[in-house]
Amino acid sequence: MTPESALKFKTYQLTKSLLVFFSLAITLSLLVWSLNNYRWPRIFYGPRAVYSMMLLSIVLALLGRYLLLRMIQRESGMTRILYHRLPLAWQMLFLFDITAPIYLAAGVLVGVSAAVLTALVTQTALQLFTYARHFVSLAEASYRIAGTALAVLVADGVFISISGTQNGQIVDTYSKLTESNELLGCIIAALVMLLLLTLISLLSLVAHQSDAVTSPPQSDGLPSMTVSRWRAFVTSPALLFQAMVLSVGPLLPVVDIFDDSRAEVAWLFFLVPLCAIYYLALMSTRLGIRTDTLQETLADLSSARRRQDELRDYATLITRVQEEERRRLARELHDDTAQALIALALGLDGLGRAIGNLDLTERDKEWLESLQNLADHTLEGVRRACRDLRPSVLDDLGLRAALEWLSDSSSSRGVPCNFSSRGATIPTSSENEIAIFRITQEALSNIWRHAGATQASIELAYLPEQLRLTIHDNGKGFMPDDNLDAARDTQGGLGLPGMRERATLIGATLEIISSPGNGCHIQLSLPIGALLASNKQSAD
């Protein structure tokens with residue numbers, strides 16, 4: 001660590017220590033103030049009011065936080081959750097204070113000191129619960145306790161100044177002015193508390209972001225990082241749900257209208273909308289995260305499909321270029337090399353006839369004969385190479401004749417092969433014909449080399465809805481999946497994977513059915529729609 005970085009780190013740690021110190025100082029000051037100024041309220045439900053609200057607030061806060069953690073565990077599938085790895089929407093719910101209306105109720109129904117004391121005790125229990133699970137640091141926990149208590153003090157003070165009534169006193173008669181002042185005071189107090197809680201949450205986001213790294217954040221990156229998180233919080237549903245929770249504030253003065261028994265039941269009914277709104281917040285956040293995940297998955301699938309289409313187009317282009325190169329090489333071999341070999345063979349034949357009457361030694365005659373045989377064999381090899389590279393029968397006579405020629409070549413190589421065709425020929429593009437020809441050629445090559453078969457068959461069928469090619473042999477068979485895996489692991493091996501890839505490029509499906517001892521059955525199906533599309537594309 002450089003000296004400059006070490007200095008920044010010390011400054012960062014000092015700032016956190018000062019935040020903890022001032023937060024604890026404010027918390028202790030408010031605690032002492034609330035205890036000194038608290039007086040038992042002279043209301044129907046008397047001294048137990050503040051204890052009831054305090055217990056209710058603690059239970060509600062801890063229950064809400066527990067439900068949030070349980071839902072996050074269920075959605076993530078992890079038992080140990082790291083806050084900084086959570087989606088931002090879940091992080092925002094940790095800033096959502098479901099007990100804010102209870103603080104406001106304590107100030108309206110009991111007194112400001114009771115409201116501050118309730119906020120201090122509730123936030124201390126909640127932050128300790130959260131801190132024990134490593135979701136907040138000590139600095140942020142102390143800041144949240146002090147900040148929430150200050151917000152409650154200011155908001156309930158605003159209510160007192162507007163309503164003009166002394167909280168915690170029995171009011172026998174209500175005038176319209178008193179009722180309207182209390183209603184207005186509750187509305188403004190709820191708005192003030194919403195603004196203060198929002199400000200506290202915004203500042204808390206900075207602390208959370210700073211705690212996410214082991215070293216102090218860079219000065220140039222902190223402003224943009226802070227602004228982005230603030231913008232995310234302001235536009236998140238958590239702020240909207242916080243406003244919805246505080247919207248019950250204007251209903252608080254109604255409680256004082258009821259008598260002893262009905263008053264407690266009345267303010268207990270405030271729990272129903274609070275729990276409903278919090279549950280709605282959890283469900284909305286979960287649905288939003290699932291929607292985002294689904295959109296990301298769809299985007300990844302679209303990107304993968306787009307890349308797959310690009311690779312397929314590239315493979316099609318490579319195949320086309322390869323076939324064109326095969327055609328060029330076959331033409332050059334036929335026009336140049338084969339013609340030169342034919343001339344050489346004819347010349348050797350003429351030379352043999354010319355010197356036949358001469359008295360040559362037996363060794364010279366054998367040498368001349370070997371030259372003639374070499375020329376004939378080389379010419380035959382060049383012709384075979386031309387046919388393998390690009391058989392002229394495919395270009396001149398079409399697919400049916402080319403497959404029949406392959407069947408005859410298989411018979412000449414020692415494996416009798418029967419060819420049959422049915423249905424009216426449907427013209428197709430050269431790419432489709434080449435792919436079908438190469439697949440058949442590869443299948444017959446496997447039969448010759450590996451199957452140990454004594455009989456093979458090729459069937460070409462033009463059906464109403466598809467072109468179907470069937471290749472069958474009575475060889476020793478194999479397991480297609482194992483053979484495919486072995487072909488992929490073999491360097492330069494094309495075989496069955498190459499056949500399937502060629503079929504996919506033309507929009508066909510290739511089915512390979514085989515098992516040890518039962519031969520092999522290969523069936524290629526090309527839909528008529530793909531044939532017509534390829535014909536149209538070729539025409540264009």
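This is a short walk through a predicted model of a single protein chain, from the overall numbers down to a few residues.

Hi everyone, and thanks for having me. First, some housekeeping. Residues are numbered from 1 along each chain as its sequence is written. The model is predicted, so to speak: local features need pLDDT of at least 70, side-chain atom pairs count only at pLDDT 80 or more, and totals for chains, interfaces and linings use all residues, while side-chain values use heavy atoms, with hydrogens and water left out.

Let's start with the whole chain. It has 18 helices and 5 strands; these are DSSP runs numbered from the N terminus, with H or I over at least four residues for helices and E over at least two for strands. Of its 540 residues, 41% count as buried, meaning under 20% relative accessible area with a 1.4 Å probe and protein chains only, where over 50% is exposed and in between is partly exposed. The chain exposes about 29,400 Å², and carbon and sulfur atoms supply 61% of that; the areas come from the Shrake-Rupley method with a 1.4 Å probe. Among contacts (heavy atoms within 4.5 Å) between residues at least 6 apart in sequence, 77% join residues at least 24 apart.

Now to the sheet. In what order do its strands stand? The order is β1-β2-β3-β5-β4, in an open sheet of 5 strands with mixed pairing. Two strands pair if DSSP finds at least two bridges between them. β1 (417–422) and β4 (509–514) stand at the edges with a single partner strand each, so one side of each has no neighbour in the sheet. Neighbouring strands are turned by 10 degrees against each other on average, direction ignored. As a reminder, strands of a sheet pair through backbone hydrogen bonds, either parallel or antiparallel.

Let me go through some of the pairs. β2 and β3 run antiparallel and are joined by 7 bridges, and a hairpin of 3 residues links β2 to β3. There, S457 has H472 in β3 as its bridge partner. β3 and β5 are also antiparallel, over 8 bridges, with R468 partnered by S525 in β5. Finally, β4 and β5 (residues 520–527) run antiparallel with 6 bridges, and I512 stands opposite I522 in β5.

Which helices lie across these strands? Helix α15 (residues 430–451) lies across β1, β2, β3, β4 and β5, at about 10 degrees to β3. Helix α17 (residues 495–505) lies across β4 and β5, at about 150 degrees to β4. Those angles run from 0 to 180 degrees between N-to-C directions, using lines fitted to C-alpha atoms, for helices over the stretch in contact. The buried residues of α17 are G495, L496, G498, M499, R502, A503 and L505. Just after α17, G507 takes a positive phi of about 80 degrees.

Next, helix α11 (residues 271–354). At 1.5 Å a residue, its 84 residues should span 124 Å, and its end C-alpha atoms are 120 Å apart, which agrees; the expected span is 1.5 Å times one less than the number of residues. α11 bends by about 35 degrees at L333, the angle between axes fitted to the seven residues ending there and the seven starting there.

My last stop is T118, in helix α5 (residues 112–132). Is T118 buried or exposed? T118 is buried, with a relative accessible area of 0%. Leaving aside residues up to four places away in sequence, T118 touches V50, M53, M54, S57, Y103 and A106. Its C-alpha atom is 9.5 Å from that of V152, 34 residues apart along the chain.
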